Amino acid sequence: METITYSLKLNQENSNKYYKQIKSFTDEVLRGFERFGTSIISDFITYQKENDINKIRSYEEYIFEFLMLGTFWKIYSKKASCLDENPRKILEGLVDERNCNASAKETIDLIRGVLMKPFLLSENDNTPDLTIENFQKLLKYLKSTGDFNQELKRLEVWKTFFETKNPENISNYIENAFLFANWFENRSKNALGQYTANINKFLAEKHQEHFWKEDVIFCGRKEVEYHLNMVGAEIMNRSFRNDFRERPIKTLLLPGCMRRSQEFCKAEETDLGLRCTKCLKNCNVHELTDIGHKFGFEVYIISHESSAFSKSSKKDRNELGIIGGACISNLIAGGWKSDSLGIPAQCVLLDSASCKSHWHDKGIPTNINLNQLLKLLGINNEKSNLLKPVPASC
């Protein structure tokens, strides 16, 4: 299959090697954090407990949030310092309107596409000072893109935490996050760079095709952001695993790009998404639906992370445990949205990104790793005999 940005399979039969490597590298990242901020997570947890903010999550999740903070500062703070107040308010307003007015989405996205390049891609030469004011500018910039809604919910809590500290403490915290992000970028390049080798080529040759589109930021993600989300998915799986396995109903949510043909797909609408009707042979969604019937999990197709759970009932939210299949850039947002609704999630990455919406003119159907899916479900895949494709029938 053509590699557009990333490939977890490379030239191998499956992506099993990747899942072994990401487990090992995530352990290294969690250990590596200790040299950059050993007390900050404990302080942050104490602050949330004292102020009754959110439910307390795992220590490892907060390490990931701290790494995300430093990575976003490193990538976007120069751009944030260039974003003037008036265009920022306009872009934020368009994002808010888009989120609450689905019928106007197409028109709003056309307007956003025109405004995003001139106002969101310019940047200063120097990294801004490590101050709470510049951190607030960074958060406002991220909001104006419309691409970081779930990440912002986490970073806003860090902002309120910083506001309780003196300027010197804030500067030290952000500096440590920045240094942690620098260390991570170098190490992740060595550990995971073989899977993301095409990203810089895509950015140099193809990103300009998105300059006047609303996905210009999404498709312009740096290689380190892919690595960040790879580690984040592994940490999320560890943190939510026990809660997920306790849920009586397991559901696999798949993106539309996994279908053999979106044009001829006859999937039926339900409250949780589109349900496969087995209309096409050799369709990845069809095959996974057959596997689900055999092992007791449901399969649905969702068009976008923002549409997931929009019609779910209270009963659904109390009983469901979900596995979300998504490309690397969408994984974290989907998992955190599920968590915010009280639905424990697990993540399984698409082996590559090649959807028509963002990456390929015609779209190339992609797939997920069956070994990883079965592992997340607690199914012994040696006994299941599912490592060979399940014959699809019309």
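**Chat notes on a predicted model**

A: Phe72 and Phe148 are both buried. Keep in mind that this is a predicted model.

Q: Where do Phe72 and Phe148 sit along the chain?

A: Phe72 is in helix H3 and Phe148 is in the loop between H6 and H7, so their pairing ties together parts 76 residues apart in sequence.

Q: Next, H7. What end-to-end distance should helix H7 span, and what does the model give?

A: Helix H7 runs over residues 149-162, and at 1.5 Å a residue its 14 residues should span 20 Å. The end C-alpha atoms are 20 Å apart, which agrees.

Q: Is H7 largely enclosed or largely open?

A: Largely enclosed by the rest of the structure, because 10 of its 14 residues are buried.

Q: Which ones are buried in H7?

A: Gln150, Glu151, Leu152, Arg154, Leu155, Val157, Trp158, Lys159, Phe161 and Phe162.

Q: And what do the buried residues of H7 pack against?

A: Five helices are listed here: H2 (40-50), H3 (59-80), H6 (132-145), H8 (167-192) and H13 (331-340).

Q: How many aromatic pairs are there?

A: The count comes to 28 aromatic pairs. One of them is Phe66 with Trp158, whose ring centres are 5.9 Å apart with planes at 35 degrees, so the pair is tilted.

Q: Are Phe66 and Trp158 buried or exposed?

A: Phe66 is buried, with a relative accessible area of 0%. Trp158 also counts as buried, at 0% relative accessibility.

Q: Back to Phe72 and Phe148. What is the geometry of their rings?

A: The ring centres are 5.2 Å apart and the planes are at 70 degrees, which makes the pair edge-to-face, so it is over the 60-degree cut-off.

Q: Which ring does the charged end of Lys250 sit over?

A: The ring of Phe244, at 5.5 Å from its centre.

Q: What lines the largest cavity?

A: It has 14 lining residues, and those nearest its centre are Arg259, Cys265, Cys276, Cys279 and Cys283.

Q: What does Ile301 touch, leaving out residues up to four places away in sequence?

A: Leu254, Pro255, Gly256, Arg259, Ala267, Gly273, Leu274 and Val285. Ile301 is in strand S4, residues 297-302, and counts as buried at 3% relative accessibility. Its C-alpha atom is separated by 4.8 Å from that of Leu254, 47 residues apart along the chain.

Q: Where is His207, and what is it in contact with?

A: His207 is in the loop between helix H9 (199-205) and helix H10 (223-246). Leaving aside neighbours within four places in sequence, His207 is in contact with Phe202, Val216, Cys219 and Gly220. Its relative accessible area is 10%, so His207 is buried.

Q: Which residues other than glycine have a positive phi?

A: Among them are Asp52, with a phi of about 50 degrees, and Lys278, with a phi near 60 degrees. Most residues other than glycine have a negative phi.

Q: Where are Asp52 and Lys278?

A: Asp52 is in the loop between H2 and H3 and is exposed, with a relative accessible area of 68%. Lys278 is in the loop between strand S3 (273-275) and helix H11 (284-295), and is partly exposed at 24%.

Notes: Residues are numbered from 1 along each chain as its sequence is written. This is a predicted model: local features need pLDDT of at least 70, side-chain atom pairs count only at pLDDT 80 or more; totals for chains, interfaces and linings use all residues. Side-chain values use heavy atoms; hydrogens and water are left out. Helices (H or I, at least four residues) and strands (E, at least two) are DSSP runs, numbered from the N terminus. The expected span of a helix is 1.5 Å times one less than its number of residues. Buried means under 20% relative accessible area, exposed over 50%, partly exposed in between (1.4 Å probe, protein chains only). Contact means heavy atoms within 4.5 Å. Rings of Phe, Tyr and Trp (its six-membered ring) pair if their centres lie within 6.5 Å; planes under 30 degrees apart count as stacked, over 60 as edge-to-face and the rest as tilted. A charge sits over a ring if NZ of Lys or CZ of Arg is within 6 Å of the ring centre and within 35 degrees of the ring normal. On a 1 Å grid over the protein atoms alone, a cavity is a set of points where a 1.4 Å probe fits but cannot get out, and a pocket is an open set with protein on both sides within 12 Å along at least five of seven lines; lining residues have an atom within 4 Å of a point.
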